[in-house]
Amino acid sequence: MPVKETPAVQKRTADPIEDASAAQPIQTPPPTRKSDDTIVPTPLCSPVENLKEDIRKHMFAFLGKDITRAGMHDYFKALAYTVRERMAEHWIQTQRSYYDASAKRVYYLSLEFLVGRSLKNNVICLGMEDQVREALAEMGQDYEEITEVEWDAGLGNGGLGRLASCYLDSLATLNIPAYGYGIRYEYGIFHQSIQDGWQVERPDNWLRFGNPWEYDRAGYLYPVQFGGTVHSYTDDQHRLRVVWEGGEKVMAMAYDMMVPGFENSNVINMRLWSAKSSRDFDLEFFNSGEYLKAIEDKARSENISKVLYPTDSFVEGQELRLKQQYFFVAATFQDITRRHLKHHQGFEDLPSLVAVQLNDTHPAIAIPELMRILLDDHLLPWDKAWKICVNTFAYTNHTVMPEALEHWPVDLMTRILPRHMQIIFEINRLFLEDVRKRYPGDDDRLSRLSLIGEDFGKRVRMANLAVLGSHSVNGVSALHTDILKSSTFRDFAELFPERFNNKTNGVTPRRWLRQCNPSLTELITDAIGPGFLTNLERLKELAPLASDSEFLSRWGKVKHRNKQRLAEYVLHKVDIKLDPNSMFDVQVKRIHEYKRQLLNVLHVVSLYDDLRSGKAGHDIVPRTVIFGGKAAPGYRMAKLIIRLIHAVGAAVDREPKCTGLLTVAFLPNYCVSNAEKIIPGTELSEQISLAGTEASGTGNMKFALNGALTIGTLDGANVEIRERVGVENFFLFGMTTPGVGALKARGYNPWEYYQKDDTLHRVLDLIASGHFAPLEPDLFRPILDTLLKEGDRWMVLADFRSYVDAQKQVARMYRSHELWLEKSVLNTAGMGYFSSDRAIAEYARDIWGVQV
């Protein structure tokens, strides 16, 4: 329950989320309908003059600024407050409707939400973009310049967090009663810069200028407990009681950010938790003169929400990450149970009123936490509490690699969460008893299914816990789900086949088409109408236009303008001049060996060597290769790959024979806001991970949606994208997942590929010679060692020849400009399935039991 306030501050400010049922009705005109019975959204914006007046008002009242002396950042914040004010009315109305309807609520728990910038998205969703542009223009300001002032919210890292944000957008657009829950990180993952070709990490202080989109809820604080001891006793009614006491307490304070649906007056809530000390400082230490000691505990407590993903390569880092996960789960479930008990007696009906989706294993500690609440706080019997838990939780898995599944040392969890460790042991004991009955004598199966692994000391397998404690377990692409059932969780799938299902990822077309590519959106709207933004399957109506030469000409002009904008951005950011008439070949994503940026670099080296040696033909296609992505700070090999990209790029730039034919650029600090600039200008999308290693991917969807052609393996969602856009419109290369398994079983020897492929031999020898680092000739030796001496785990060399041949096919196709444009249109036309609206509708129907 929320912490009670001291008598001195008994009165608290009303929270729109919690007191929405008591709010006064907001008068909103009803929507109108066109003759074809489609709803025309009610305009949510005030006239332009009112917008201008509200901007002036917020400039004065919130910022204390004289508008005649206001800078661009002042205008950004004043406009943000103006937009937030309009969203807040609909937000409260939305919350009140949940209470009025006694609606089942969906709680989406994610340790990441990669929001990006909010201003443009919110303005578009409120249907007020034209009015905002006009109002600012009349005030002497440029809307596009003001939107560039906003920092990306540092609340996520990669695809997991961006998927969560796309899903909140769709939850709001589909009018599903939902809340997102996560952590309000003070610092993001890190800000990447490049010095002498090396990645340098700097703090991502995204809150430095404040966050105008959030409401802090200081009146609602929840205590979160760590450590302490557990003891049991029998009460006067002969019931076993368990008490967890002592240890450390940290307070969780809520910050709310609004998420608007697209032009539907529906606004949902993302609630993020910030760690606060249970007291400001120890007065006893302060009064005795030990001022630093007085605030030491406060600083340590508040570290929990300080930074996204602290390194876990040492014990203190592991402890902090475990604390982060429990911190946000414990606060969230105090919030959920308090909200539930406001209008319902007991918990027997919880699964019919609440659905909790665990976005990967990070929130899986929620399962023993809900058990603890039901057992210890509300005295439910074990069997009833477990049934409620299983029917409440659903789990989305995001990895196919067993070693990437999260696990925690038993001794660490026992020290930090002693009661939860007891509950996990009991869940495991009861579960393994059932398994023994079904599979007597099968000790290997028991070992694989156990929640406690013993391969590297006793560790809690959080993925096993998530599967066992959820009524639904879904993968995020058809291939990924097949691998989960046949390999990663095979034993669980045999026990609980009804739990496993697929929910292929999707992306929101509002941000990844309407917002990032307004020119293409306008062209598509002219051709088929605007309905595709909420019904993406309508993009298939573009297919017949792929043979219309006039339409293709317009499509090509849009792509060229987007390439010009991207070239201007690259010139501004890294001072590299790109030729918009060259093919823009792009790979932007987290830098990791399994993503195989190295395969792309080896191909670039082959092109470079052909050009400098005169082996390239006269009909070579000019190509610009753009890389982007962050390497984890402790990931030495990934950082060395970034260094190699820069070294190769510098060599290409120095070579006169490459001028106008080959350019390499690395864009630092890849994030949502620069993805919005890169994706519309891309022509070739590199999705080249080894088959069977990528769960799904969503970047592949964003690029194809914006008309890029894909070169890729049969991995993750590539398989389904290829089926939807047409196999002839996708450049396929590489082994299949069964082929990878078969090669591993036979015994993969990368030296064989090196020795039999002249191009590969030449490329690796050129790197080994020190050509790309003459002052440090052995700089890239570790890369060569991992390929040739350490087994080439990601089979870069095995797929090299197939990849190079596919790239030659790409070049031949690109020479036929009209044919390339035709395939570009067909890619966009085939992407309707990959909407986050479709994915969320499937979650609602198949998992949550919520009507859309």
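In which helix is the place of Q325? Q325 sits in helix α9 (residues 315–343); helices (H or I, at least four residues) and strands (E, at least two) are DSSP runs, numbered from the N terminus. The model is predicted: local features need pLDDT of at least 70, side-chain atom pairs count only at pLDDT 80 or more, and totals for chains, interfaces and linings use all residues. Residues are numbered from 1 along each chain as its sequence is written, and side-chain values use heavy atoms, with hydrogens and water left out.

Q325 counts as buried because its relative accessibility is 1%. Buried here means under 20% relative accessible area, exposed over 50%, and partly exposed in between (1.4 Å probe, protein chains only). The side chain of Q325 makes a polar contact with that of E406, at 2.7 Å. A polar contact is a pair of N or O atoms within 3.5 Å; within protein, one must be able to donate a hydrogen and the other to accept it, and residues adjacent in sequence count only if both atoms are side-chain atoms. Leaving aside residues up to four places away in sequence, Q325 touches L111, H362, I365, E406 and W408. Contact means heavy atoms within 4.5 Å.

S110 lies in the loop between β3 (105–109) and α3. S110 is buried, since its relative accessibility is 0%. A polar atom of the S110 side chain is 2.5 Å from the backbone oxygen of E112. The S110 side chain also makes a polar contact with the side chain of N359, at 3.0 Å. Beyond four places in sequence, S110 touches A164, Y181, G182, F328 and N359.

Aromatic pairs were then searched for. The whole structure holds 26 of them. Rings of Phe, Tyr and Trp (its six-membered ring) pair if their centres lie within 6.5 Å; planes under 30 degrees apart count as stacked, over 60 as edge-to-face and the rest as tilted. Y608 and F772 form a tilted pair, 5.7 Å centre to centre with 50° between the planes. This pair links distant parts of the chain, 164 residues apart: Y608 is in helix α22 (residues 597–613), F772 in the loop between α29 (758–768) and α30 (781–788). Y608 is buried, with a relative accessible area of 3%. F772 counts as buried at 5% relative accessibility. The pair of F731 and W820 is stacked, because the ring centres are 5.9 Å apart and the planes stand at 25°. F731 lies in strand β24 (residues 730–732) and W820 in helix α32 (residues 817–829), so this pair ties together parts 89 residues apart in sequence. Both F731 and W820 are buried. One aromatic cluster is formed by Y98, Y107, Y179, Y181, Y222 and W273.

Cavities came last. On a 1 Å grid over the protein atoms alone, a cavity is a set of points where a 1.4 Å probe fits but cannot get out; lining residues have an atom within 4 Å of a point. Grid points are joined across faces, edges and corners, and a volume is the space filled by probe spheres set on the points. The count is 5 cavities of 30 Å³ or more.

Key: On a 1 Å grid over the protein atoms alone, a cavity is a set of points where a 1.4 Å probe fits but cannot get out, and a pocket is an open set with protein on both sides within 12 Å along at least five of seven lines; lining residues have an atom within 4 Å of a point.
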